[in-house]
Amino acid sequence: MARLKPGDLLRERYRIVETIGQGGMGTLYRAADIRLEGRYTAIKEIQPDPNSTSEDREQDRRQFQREANILARLDHPTLPKVSDFFFEDDRDFLVMDFVPGSDLRQVIEQAVARGAFLPESDVLDWARQILGALHYLHTQEPPVLHRDIKPANIKLTPSGAIKLVDFGLVQVTQPDEGRTVTVVQGRGTAHYTPLEQYGEDVGHTDARSDLYALGATLYHLLTNEAPADTKRRFLQPGSLRDPRVLNAAISDRTARAVLWAMAMHPDDRPPDAASLIQALFGDGAVPAPRTVARIDDTEPLTRDGLGAPPFVQGNIVLAILAAVLLLVALLVTVV
């Protein structure tokens, strides 16, 4: 299926200016709104699965329309406004405000080129804005998840405001059904994706999954280094280094809050955005992180001193009991 090109007109209203992003299941364009002079939009083109049946495509389209209606009702200063959606040439289109400025991936690259770290005060200001948006999304009825928070999906506008962009992987949670449905199926980006988001069954993702991705994003912003992904962390406990090893100027409170958000198991993370806001900016204590490499030999920051896997660390009593029962069973067998 041919990609749209500059000059193409959609719905007799949106004239394509350029392609600004492309993924496996869609393309993002900048377009001029010819009805409103000077207004530019970002148009997400969602292509159907070529292996799907006509019934599958019709079901996907109905689902897209339901969820696009939900996205269009969202209204928050840190989220681009969804203004239109439509179907054309067997493709679905989602129309949003175009957000000018640089994304935070580019901001990190500029800091690396300068040989400097981004100021922690700036990163915390961005975190506060993003957490405000996540609190808003997660408290909708039904709750809305983003599922692809990363530096490339966060824009820093010329005014200094932050915008959380790319709704390509948004999920709308259906609490009464105990599952989630997805506008566009996807698994996020490895360095920022929690373990529970991998695989075909995405029914166990919730607000804590977005908090993990935000924690990983803050880690990258503060250290100029993307964190170890969760697959590596699962196989190599301790492979995630404390951010203060990479940037000694990071405050203890910020480092601990970021590592709390990046806990491997969802139950070990902040339960909601408000809790992470409190951890970063409040006065309460922040839980000690698990499976994080020590900053030095005198200040252990982990609770896995024996190097045990994460699932054993969280259930040490059960592990000991299981070992005792196994020993008893072996003795009985011998007798």
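**A quick tour**

Let's start with arginine 241, which counts as partly exposed because its relative accessibility is 33%. For these words, buried is under 20% relative accessible area, exposed is over 50%, and partly exposed is in between, with a 1.4 Å probe and protein chains only. Arginine 241 sits in strand 13, residues 240–241. Helices here are DSSP runs of H or I with at least four residues, strands are runs of E with at least two, and both are numbered from the N terminus. Alanine 228 is 13 residues from arginine 241 in sequence and 8.3 Å away in space, C-alpha to C-alpha.

Before I go on: this is a predicted model, where local features need pLDDT of at least 70 and side-chain atom pairs count only at pLDDT 80 or more, while totals for chains, interfaces and linings use all residues. Residues are numbered from 1 along each chain as its sequence is written, and side-chain values use heavy atoms, with hydrogens and water left out.

Now the charges. Side chains of opposite charge can pair when their charged atoms come close. Counting a salt bridge as a side-chain nitrogen of Lys or Arg within 4 Å of a carboxyl oxygen of Asp or Glu, the structure holds 17 of them. One joins glutamate 45 and arginine 91, whose closest N and O atoms are 2.5 Å apart. This pair links distant parts of the chain, with glutamate 45 in strand 4 (residues 40–46) and arginine 91 in strand 6, 46 residues apart. Buried or exposed, those two, glutamate 45 and arginine 91? Both are buried.

Then there's aspartate 103 with arginine 105, at 3.6 Å between the closest N and O atoms. Aspartate 103 is buried, with a relative accessible area of 7%, while arginine 105 is partly exposed at 44%.

Last pair: aspartate 148 and lysine 150, closest N and O atoms 3.8 Å apart. Aspartate 148 counts as buried at 9%, and lysine 150 is buried too, at 18%. Elsewhere, salt bridges that share partners join Arg13, Asp33, Arg39 and Asp97 into one network.
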